Amino acid sequence: MRLLIVGSLEGQVGEASRMAVERGARVSQVVSIDRALAHVREGAGADLIMIDVRLDVQRLIADMTAERLTTPVVAYGLGNDTQAAVRAIKAGAREYIPLPPDPELIAAVLAAVAEDHHTLLYQDPAMAAVVRLAEQVAPSDASVLITGESGTGKEVIARHIHRKSRRAAGRFIAVNCAAIPEGLLESELFGHEKGAFTGAVARRLGRFEEANGGTLLLDEISEMDVRLQAKLLRVLQEREIDRLGGRQPVKVDVRILATSNRDMEAMVRAGGFREDLYFRLNVITLSLPPLRARPADIEVLADHFSRKFAELNGQPRRPLSAAARALLRGHGWRGNVRELENTLHRAVLLAQGPEIGSAAILLTGAPPTEGPALASASPSAPAGRLPGALVGRTVSDVERDLILDTLHHTLGNRTHAATILGISIRTLRNKLRQYADEGIAVPPPGSGDASAG
């Protein structure tokens with residue numbers, strides 16, 4: 001990922017930069033907000049901006065919002081400067097990184113923002129056939145449509161195609177069409193000229209120009225508005241883009257890959273997706289099988305994730321027990337590889353003893369397995385609830401019970417609970433503060449929890 005640091009690289013910030021590089025980031029640095037904005041506008045791009053909390057964080061985020069720049073921002077500063085941290089978060093920063101930097105925190109922030117799940121691991125013949133076809137078409141410039149259920153690894157395959165292509169030395173740029181609001185996606189893709197809309201104070205290059213000479217992935221393209229589909233079709237036909245407010249088209253040399261978890265032919269029949277664009281994208285189709293259809297990959301991926309999260313969380317590497325492996329093999333994996341990854345992350349945090357046993361494998365839709373990891377969590381921990389018991393309860397009540405149950409499981413450790421729940425530590429703290437204000441008993445912070453409070 002591309003990391004832009006706004007501020008000086010002296011001392012502890014330089015150490016944070018070095019840690020980011022060791023985690024695979026490409027680091028650039030500027031000294032002012034104006035230079036940071038220019039850096040993002042002019043096509044150098046950034047996947048994450050880290051700004052010194054002593055600078056005007058609010059101004060950076062306000063200017064980016066006005067110019068429809070969607071790069072996430074985190075702030076950094078001395079760990080004991082709590083007031084500055086609060087100001088940065090209120091201004092819109094995603095997170096606050098205290099100095100001196102902690103390697104695990106740097107890694108967690110990079111992973112949370114970049115969602116860097118790019119390792120291609122497989123053993124099952126069904127997946128091997130897909131990879132062979134991907135490598136066969138990779139050297140061409142043909143558009144590829146990658147379909148499959150959510151969590152099957154569509155972006156992983158897209159990146160593999162780029163690495164095996166003649167464009168491997170160029171950039172790989174991914175745009176999530178479902179995550180960017182409709183009003184911002186056009187500017188994100190095509191860029192804009194100064195004065196194109198209120199807040200456009202300078203020219204900004206879009207993702208097509210950033211990816212020039214490389215590969216552009218349009219992730220979940222089926223979520224793109226039909227009006228914007230027409231503009232995209234013209235780009236694919238003419239190989240040129242029009243910036244918002246621009247007078248002259250700009251030539252681009254980009255290979256297009258696209259993904260979808262929807263039935264694209266059904267969407268075309270229903271009028272939700274343009275037929276001509278579908279055929280333009282669908283030169284080659286790669287259909288990724290769900291994890292339940294590639295059982296030989298389950299243990300390969302589980303071993304990989306257990307090693308990865310043990311290292312990330314400073315835990316000892318534990319092998320999966322035979323009983324744990326049997327549980328994994330017998331599960332339906334509706335969430336595919338992403339669900340397996342989250343399951344192993346939880347298991348690494350909850351495991352006790354020399355192995356990851358079945359007690360640490362908490363499967364979606366399955367009752368908790370009795371065992372030491374759960375039985376010792378808290379004598380007052382609420383029992384698992386049957387699905388029927390949810391009927392008639394409010395979403396906020398169910399959410400509260402899920403958060404408190406998870407906190408019991410982690411012995412009060414806020415950091416681990418937030419990881420299991422898939423929310424930020426800041427969100428968890430706010431929820432717990434709300435519960436305490438309502439008079440609800442909240443488990444005290446666990447031993448060694450750096451995120452206590």
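Me: What is the relative accessible area of Asn 336?

Reply: Asn 336 lies in helix H15. Helices here are DSSP runs (H or I, at least four residues), as are strands (E, at least two), and both are numbered from the N terminus. Asn 336 counts as buried, a term for under 20% relative accessible area, with exposed over 50% and partly exposed in between (1.4 Å probe, protein chains only). The value for Asn 336 is 0%.

Me: What is the phi of Asn 336?

Reply: This is a predicted model, in which local features need pLDDT of at least 70, side-chain atom pairs count only at pLDDT 80 or more, and totals for chains, interfaces and linings use all residues. Residues are numbered from 1 along each chain as its sequence is written, and side-chain values use heavy atoms, without hydrogens or water. Asn 336 is not a glycine, yet its phi is positive, near 60°.

Me: Which residue makes a polar contact with the side chain of Arg 243?

Reply: Arg 243 is in the loop between strand E9 (240-241) and strand E10 (250-251). Arg 243 is buried, at 10% relative accessible area. A polar contact is a pair of N or O atoms within 3.5 Å; within protein, one must be able to donate a hydrogen and the other to accept it, and residues adjacent in sequence count only if both atoms are side-chain atoms. At 2.6 Å, the partner is the side chain of Glu 193.

Me: How far apart in space are Ile 256 and Leu 236?

Reply: Ile 256 belongs to strand E11 (residues 255-260) and is buried, with a relative accessible area of 2%. Beyond four places in sequence, Ile 256 touches residues including Phe 208, Leu 216, Leu 236 and Leu 281; contact means heavy atoms within 4.5 Å. Ile 256 and Leu 236 are 20 residues apart in sequence, and their C-alpha to C-alpha distance is 8.3 Å.

Me: Which helices do the buried residues of H18 pack against?

Reply: In helix H18 (residues 414-421), the buried residues are Arg 414, His 416, Ala 417, Ala 418 and Ile 420. After H18 comes Gly 422, with a positive phi near 75°. The buried residues of H18 pack against helix H15 (336-350), helix H17 (395-409) and helix H19 (425-437).

Me: At what angle do H6 and H7 pack?

Reply: On the H6 (residues 125-137) side, the contact involves Met 127, Val 131, Ala 134 and Glu 135. They meet Ile 157, His 160 and Ile 161 in H7 (residues 154-163). Axes are lines fitted to C-alpha atoms, for helices over the stretch in contact, and angles run from 0 to 180 degrees between N-to-C directions. The axes are 9 Å apart, and the angle is about 40°.

Me: What share of the residues of the protein count as buried?

Reply: The protein has 19 helices and 12 strands. It has 453 residues, and the buried share is 47%.
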